[in-house]
Each structure stands twice: as C-alpha cells, then as structure tokens.
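Here are a few notes to read with the structure open beside you. Take them one point at a time and find each residue as you go.

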Amino acid sequence: MAFKTLDDIGGDLTGKVVLVRVDLNMPMADGAVTDLTRAEAVAPTILELADKGAKVLLLAHFGRPKGARNSTMSLSMVQGAVEEVLGREVMFIPELAGPVAAQAIDILRPGDVGLLENTRFWPGEEANDIELARSIAVNADLYVNDAFSAAHRAHASTHALAQLLPAYAGRSMEAELKALDAALGNPEKPVAAVVGGAKVSTKLAVLEHLVGRVQHLIIGGGMANTFLAARGVDVGKSLCEHDLAAKAEAIMDAADASGCIVHLPYDVVVAKEFAANPASLRTCNVHEVAADEMILDVGPQATVALGDVLKTCRTLVWNGPLGAFEIPPFDTATVALARTAAALSKEGSLVSVAGGGDTVAALNHAGVAGDFSYVSTAGGAFLEWMEGRELPGVAALTA
Ligand code: ADP
Ligand code: MG
C-alpha cells in the first residue's frame with residue numbers, strides 16, 4: 001500500500017496552510033466532552049505540523065446535521081477539549097470557506113491551529129461536491145487525512161479535497177493503515193480470524209471475505225448459533241438466524257475449498273434467562289441444549305482449544321465478542337481468549353489487530369486492549385475494511 005506520510009512533505013512548512021481532516025466526534029454530556037480519545041489520537045499530527053511552522057486548519061464533521069447549520073452540532077463545542085489536549089490555543093472559525101474563513105486564516109500565525117466549522121453543515125460535504133472542496137482548497141497548500149474512521153465515506157472532506165491538493169496520511173491514519181495491512185493485507189501466516197457478535201446478517205460480507213484469506217476462522221457469539229443450526233444442531237431458544245442456513249453452508253463450503261478451517265464451539269454455556277449468574281446456568285455439549293435454553297457463551301473446553309489454535313498462528317484479526325459479554329459470567333470465553341491473544345502478542349509470537357465497538361469494550365473489560373498489537377476504534381470503516389472493500393478516503397491517498 002503506497003501512500004505518502006508526513007515524512008514525505010518536502011520543503012519548508014513555515015506559513016503553509018495545511019488542512020487536516022480529523023475525527024472529533026467525541027461523546028458529550030451537559031455541553032462537555034466526556035472522552036478525549038479521538039482528540040488525543042490526532043494530536044501528534046497537529047502538533048508535528050504546527051511545530052514545523054504550518055498554519056494547521058482542522059476539518060471535521062460532528063453528528064448528523066444533514067446539510068444545514070445547527071447550533072447543537074457546532075464544532076465550537078469541542079474547541080475547549082481540543083485546546084486542552086493540544087495544550088495550546090485553537091481559533092474557532094465558523095465557516096469552511098469564503099471571505100470570513102480566508103480572513104481568519106490570514107490572521108493565524110505560523111504554528112497556530114484553527115478549527116473550521118462542522119463540514120456537514122454544507123450539503124456538498126456528503127455529496128462529495130468538488131465545488132465545495134475547491135472553495136476550501138483555495139485557502140490551503142496541503143491536505144492531510146488523519147481520520148481513518150471517516151475513510152469509508154466518499155465525502156468532500158475525505159475524498160474530493162484529496163484530489164485538489166497534495167495529499168498525505170497523518171500519523172494516526174498511517175498507524176492504522178500499517179496495522180491493518182499487517183493483519184490482512186500482507187500478513188504473516190498462519191492467520192486466525194475471530195468473528196463473533198450477535199448476528200450473521202450484519203457480518204456476512206466479513207465472513208465471505210475472510211474465508212479466502214485466513215487459515216483459521218473462529219466463529220463465536222450469537223452468529224455461531226446460526227452456523228450450528230445450519231449443521232443440524234438444535235440450538236433451543238438461542239439467538240439464531242435460521243433463514244441464513246444456506247448462506248452459512250455456503251461460507252463453510254467456501255472455507256473448505258480454500259483450506260480455511262472453521263472453528264465452531266463444541267461445548268457451550270447455556271441458561272434459560274438472560275440475566276447475571278442465573279440459577280439455570282450450565283455448561284453442556286452443543287448437542288445437549290434443551291428447547292428452553294439459550295447459548296450465551298462458548299464453553300470452557302472449546303475456549304482452551306481456541307487458545308491452542310492461536311498459539312499456532314502468527315497473525316490474529318478479531319471482531320465481535322464470543323458471548324454476551326456484558327453480563328457475567330457470559331464474558332468468560334471472550335476474556336480468556338483475549339488474555340491468551342494478549343499474552344502471545346506480548347511474547348512477540350502473534351500480531352493481533354482488533355476492532356468493533358463492542359469488541360473494544362470487551363478487550364477493555366478484559367484489561368488487555370493495551371497488549372494487543374493494534375486496537376482500531378474506527379467502527380464502520382474497520383468493518384468495511386474487514387469486508388475487503390476499498391475505502392474511498394484511503395484510495396484517495398494511495399492514488
Ligand atoms: P462489534 O460491535 O464488536 O462489531 P457486535 O455488535 O457484532 O460486535 O456484537 C456484540 C453483541 O453480540 C453484544 O451485545 C453481545 O451481547 C452479543 N452477543 C454475543 N454472543 C451472543 C449470544 N450467544 N447470544 C446473544 N447475543 C450475543
Ligand atoms: Mg456492536
């Protein structure tokens with residue numbers, strides 16, 4: 001994957017205007033940002049450019065204002081949080097382009113940071129309108145994209161702009177692309193994929209893509225039930241998409257054809273009600289689930305066997321928990337396998353990349369997110385990448 005990074009920017013940056021596409025969609029409560037992770041992720045890029053004397057202009061969307069100004073979704077609300085993270089002042093500019101923006105940019109000194117208004121206030125953003133992009137680009141010299149999480153959208157700020165200015169990946173984008181490439185683009189084999197979560201229907205494309213790329217496909221969570229049912233197992237009252245039996249069969253056939261081993265649990269944790277530590281809790285073989293029971297986690301024997309599979313692998317990509325991890329003890333298999341993967345990663349025998357909203361929460365719950373080689377917080381972009389799709393915002397940087 002050939003893309004330019006900040007290391008490829010030649011010449012003196014002093015006074016140059018650099019547009020930096022960032023993700024500042026941070027959770028808010030009572031007008032204050034409650035989690036600074038996203039600002040922290042892009043701070044190295046902003047500070048590096050500013051310290052080289054650039055005038056840094058931050059470009060981001062915030063919420064879904066659907067092409068119109070909306071005071072409840074102004075990026076001015078995160079200005080203070082960005083200042084806190086950067087440790088320096090940020091000038092808020094209530095426009096994207098036009099004379100007010102041009103004047104404000106003129107006032108900025110080399111090394112200053114400006115924050116432009118929510119790109120989605122303008123309908124041209126989501127329409128990937130080249131004219132909107134042009135009106136922004138006239139005020140700038142370079143474009144840097146540091147928002148992998150927005151790269152699955154072909155919008156003016158992620159795609160059109162990259163066609164108009166010399167375009168580079170920021171440090172956070174660079175790290176994400178390198179990690180993803182090491183996991184599925186150009187991985188060391190054998191590769192294992194863990195795909196869990198609630199439903200097969202939300203991850204069909206992921207499964208279809210992975211069977212041709214990985215040597216071990218570990219299916220857990222509610223989606224394992226659909227595969228078990230397709231194989232004739234009675235899964236009782238478990239979450240199961242019986243109408244997807246044929247799709248599940250096709251995925252298992254495709255795996256066979258390409259030498260990918262599909263791992264389904266052979267023992268499971270079941271209960272009659274979805275509650276913490278219910279009286280009806282028990283562990284059984286998959287063929288012994290009663291009609292009134294639900295499979296809520298992978299069983300202890302299968303969990304150990306899956307850990308042994310990981311020990312034979314060099315690369316792991318993980319999306320989706322193995323069980324209903326929010327409620328104990330149905331977090332057991334997820335926590336155990338995550339700890340095994342983390343230990344192997346720490347030893348240096350496994351490159352482990354994980355992503356997905358609930359997956360990140362599960363890894364944090366297991367206390368091992370920091371020991372994985374890379375944890376993506378990108379959500380939709382991460383899943384589209386797992387589906388093998390080309391992300392427009394990435395393609396625009398690699399063209
Ligand atoms: P991610 O956000 O990481 O992509 P998903 O949203 O696909 O993951 O799946 C997470 C959800 O799957 C969790 O809410 C979890 O409770 C649920 N889940 C996992 N295993 C089961 C199961 N056996 N039965 C019901 N729900 C499950
Ligand atoms: Mg989820």
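1. Let's begin with E131, which is partly exposed at 47% relative accessibility. Keep in mind that you're looking at a predicted model. R134 also falls in the partly exposed class, with a value of 39%.

2. Now look at how these two side chains pair up. E131 makes a salt bridge with R134, and their closest N and O atoms sit 2.8 Å apart. Both residues belong to helix 5 (residues 130-137), where a spacing of three residues is about one turn of the helix.

3. R314 and E188 meet through their side chains in a salt bridge, at 3.2 Å from N to O. You'll find R314 in the loop between helix 11 (300-311) and strand 15 (315-319), while E188 is in the loop between helix 7 (171-185) and strand 9 (191-195), so this pair ties together parts that are 126 residues apart in sequence.

4. Are R314 and E188 buried or exposed, or something in between? R314 comes out as partly exposed, with a relative accessible area of 34%. E188 is partly exposed too, at 48% relative accessibility.

5. Here's another pair to find: R38 and D23. They form a salt bridge, with 3.0 Å between the closest N and O atoms. R38 is in helix 1 (residues 37-51) and D23 is in the loop between strand 1 (17-21) and strand 2 (28-29), so the bridge ties together parts that are 15 residues apart in sequence.

6. Check the surroundings of that pair as well. D23 has 8% relative accessibility, and it counts as buried because the cut-off for that class is under 20%. R38, with a relative accessible area of 28%, is partly exposed.

7. How many salt bridges are there by this rule? The count comes to 18. Some residues are linked in a network of salt bridges: look for D7, E48, K52, R171, E174 and K178.

8. Finally, turn to helix 12 (residues 332-347) and helix 13 (residues 357-366). Their axes come within 9 Å and cross at roughly 75°. That angle makes helix 12 roughly perpendicular to helix 13, because angles of 65 to 115 degrees fall in that class.

9. Which residues in helix 12 meet helix 13? They are T334, V335, A338 and R339, and their partners in helix 13 are A362, L363, H365 and A366.

Notes. Residues are numbered from 1 along each chain as its sequence is written. Chains are lettered from A and ligands numbered from 1 in the order in which they are written. This is a predicted model: local features need pLDDT of at least 70, side-chain atom pairs count only at pLDDT 80 or more; totals for chains, interfaces and linings use all residues. Side-chain values use heavy atoms; hydrogens and water are left out. Axes are lines fitted to C-alpha atoms, for helices over the stretch in contact, and angles run from 0 to 180 degrees between N-to-C directions. Helices (H or I, at least four residues) and strands (E, at least two) are DSSP runs, numbered from the N terminus. Angles under 35 degrees count as roughly parallel, over 145 as roughly antiparallel, 65 to 115 as roughly perpendicular and the rest as oblique. Contact means heavy atoms within 4.5 Å. A salt bridge is a side-chain nitrogen of Lys or Arg within 4 Å of a carboxyl oxygen of Asp or Glu. Buried means under 20% relative accessible area, exposed over 50%, partly exposed in between (1.4 Å probe, protein chains only).
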